[in-house]
Amino acid sequence: MDTTLRGVGVSPGVAVGEVRHMGTAVLEPPPKRIPAGEAEREQGRARGAVDAVAADLTARGARAGGEAQAVLEAQAMMAQDPELMTEVERRISDGSTAERGVYDAFASYRELLAGAGEYLAGRVADLDDVRNRIVARLLGVAMPGVPDSDVPYVLVARDLAPADTALLDPALVLGFVTEEGGPTSHSAILARQLGVPAVVALPGAGELDEGTTVAVDGGSGEVFVEPSAEKRAELERAAAARRDAVAASSGPGATSDGHRVPLLANVGGPGDVAAAVEAGAEGVGLFRTEFLFLDDSTRAPSEDRQVEVYRQVLEAFPEGRVVVRVLDAGADKPLDFLTPGDEPNPALGVRGLRILLDHPEVLRTQLRALARAAAGLPVRLEVMAPMVADRTDARAFADACREAGLDAEVGAMVEIPSAALRARPILQEVAFLSLGTNDLAQYTFAADRQVGAVSRLQDPWQPALLDLVAMAADAARAEGKSCGVCGEAASDPLLACVLTGLGVTSLSMGAASIPYVRAELATYTLAQCERAASAARAVDTAEEARSAARAVLSGG
Ligand code: PEP
Ligand code: MG
């Protein structure tokens with residue numbers, strides 16, 4: 001019989017493959033004692049594990065070739081260092097288990113290396129990796145870090161940190177399943193970037209046996225364990241139909257009855273532009289300019305350098321709309337020359353627009369650079385400020401743009417609940433709103449974006465968040481102005497339909513999500529989207545909102 005597990009689908013599509021676990025970073029075996037009679041057997045186990053790890057490292061080196069081969073062969077030699085083996089055996093004779101003997105012997109060797117000058121100290125990480133491999137083999141658990149596999153697999157992890165994912169070979173990862181994490185977690189963002197199906201927040205994911213075949217449905221959030229042939233065929237048929245629909249979708253974003261919702265791209269700089277154009281983005285809905293500033297956190301980039309970078313992005317969308325967000329520094333994006341280092345709560349401190357109003361010369365330079373970059377181009381430049389709290393903020397930003405002589409529409413991001421609650425006064429100062437749902441969720445639920453323990457509250461399906469989106473969209477409609485979404489919420493195809501039903505006028509997301517959102521949106525009429533939005537707001541939890549919207553849309 002099939003077993004079905006349920007989590008949160010965060011990146012659509014279906015992946016069928018074998019489970020490979022992301023190993024835990026540090027494996028410390030318990031300091032258990034063994035009777036003297038078992039020492040010889042334990043020493044044999046230790047030698048066997050060392051030889052197997054050395055052979056595995058050598059074989060992987062031969063496959064990799066080049067510089068990687070030299071590194072892996074050096075690691076194999078470390079594993080087989082005779083002095084280290086003597087130390088392991090001595091510890092086992094004194095009553096350690098094989099795994100604890102290896103762990104402690106490597107620890108003393110590690111200290112020697114760490115104190116032995118720069119070059120050898122640099123090898124400590126390699127030594128730790130060898131130790132972890134031997135200990136993992138002895139404990140019979142997954143190897144630490146990214147799985148060693150030559151064949152594509154479904155990656156199962158507790159959660160994925162950016163440092164882990166940097167080592168992943170995208171060609172080998174069919175999909176992700178994580179026990180923790182939410183829709184704005186790194187696992188979810190990375191999966192969407194790679195375009196692979198992903199399910200997060202799946203209780204019991206860690207207990208799936210290595211090598212088990214699973215089918216991951218990144219749309220519904222279901223994971224089928226050892227699916228039957230019929231189930232696999234059914235899922236593969238549905239996935240193929242979806243792929244065809246996505247491949248066939250092109251052109252501007254619209255519902256099936258022709259209600260236009262421009263689909264725009266979120267970019268961090270010129271490097272993201274090609275993917276956006278290829279995905280058919282109708283422009284840029286969020287250009288996060290802070291990446292340019294993060295290169296050197298001790299000073300702002302020169303005006304000329306800024307002009308050069310902005311122009312490259314603006315030129316890519318000749319007739320399109322490009323919404324540039326001015327520098328959003330502070331909190332999770334500190335800059336030494338701007339952000340106060342001594343704030344008790346940086347997310348609630350001087351960040352975003354607040355920093356720019358304290359440093360008008362930085363804002364002036366950026367606005368001047370934007371004006372110069374857009375000069376002579378047919379592009380529709382729009383400029384918006386992050387972290388606008390109220391009308392006073394909005395007016396200060398609009399004044400700064402006017403003083404800089406900028407020929408662009410000026411807007412405000414809605415990332416603080418006060419801005420959604422009092423959106424109409426803000427719209428007396430600016431021409432458009434853009435909802436930053438990542439921060440809006442953070443501030444609505446008092447739930448730090450960077451803290452995994454509160455990720456449940458970061459779920460953009462939370463009805464309270466949908467209420468705030470509706471308030472901002474209603475205010476914009478009443479003022480005859482536009483209100484887009486540029487937070488991660490826009491990249492969830494089902495939620496994109498709900499946001500449309502709430503009255504949002506454009507959706508901006510990572511380029512890889514655009515075809516999925518376009519295809520989903522084209523499936524329903526505006527009236528269906530509005531009914532799904534009402535159903536999602538009529539319940540009390542994110543899960544209920546998701547199910548209610550899905551029920552309305554799948555019921556026709
Ligand atoms: C947001 O907060 O939703 C947003 C788009 O801005 P960032 O993620 O860059 O803070
Ligand atoms: Mg934000």
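Reply: Helix H4, residues 98-114, is 17 residues long and spans 24 Å between its first and last C-alpha, close to the 24 Å expected at 1.5 Å a residue. The expected span is 1.5 Å times one less than the number of residues. Helices (H or I, at least four residues) and strands (E, at least two) are DSSP runs, numbered from the N terminus.

This is a predicted model, in which local features need pLDDT of at least 70 and side-chain atom pairs count only at pLDDT 80 or more, while totals for chains, interfaces and linings use all residues. Residues are numbered from 1 along each chain as its sequence is written, chains are lettered from A and ligands numbered from 1 in the order written, and side-chain values use heavy atoms, without hydrogens and water.

The buried residues of H4 include Ala 98, Tyr 103, Phe 106 and Leu 113. Buried means under 20% relative accessible area, exposed over 50%, and partly exposed in between (1.4 Å probe, protein chains only).

Now the site itself. Ligand 1 has 14 residues around it, of which Arg 288, Glu 415, Gly 436, Asn 438 and Arg 449 come nearest; a residue is near if one of its heavy atoms lies within 4 Å. By class, this shell holds seven charged, four polar and three nonpolar residues. Asp, Glu, Lys and Arg count as charged, Ala, Val, Leu, Ile, Met, Phe, Trp, Tyr, Cys and Pro as nonpolar, and the others, Gly among them, as polar.

One lies 2.8 Å from a side-chain N or O atom of Arg 288. On the backbone side, Gly 436 has an N or O atom 3.3 Å from a ligand oxygen, and a polar backbone atom of Thr 437 is 3.1 Å from one. Of the 290 Å² of accessible area that ligand 1 has on its own, the protein covers 98%, by the Shrake-Rupley method with a 1.4 Å probe. Strand S10 (283-288) and helix H18 (437-444) each give two or more residues to the shell, and H18 has the largest share, with three.

The magnesium ion, ligand 2, is coordinated at 2.0 Å by Glu 415 (OE) and Asp 439 (OD). Donors are N, O and S atoms within 2.8 Å of the metal (3.2 Å for Na, K and Ca); water is absent, so sites may look incomplete. Glu 415 sits in the loop between strand S13 (409-414) and helix H16 (417-421), and Asp 439 in helix H18, 24 residues apart. Both Glu 415 and Asp 439 are buried.

Notes:
A polar contact is a pair of N or O atoms within 3.5 Å; within protein, one must be able to donate a hydrogen and the other to accept it, and residues adjacent in sequence count only if both atoms are side-chain atoms.
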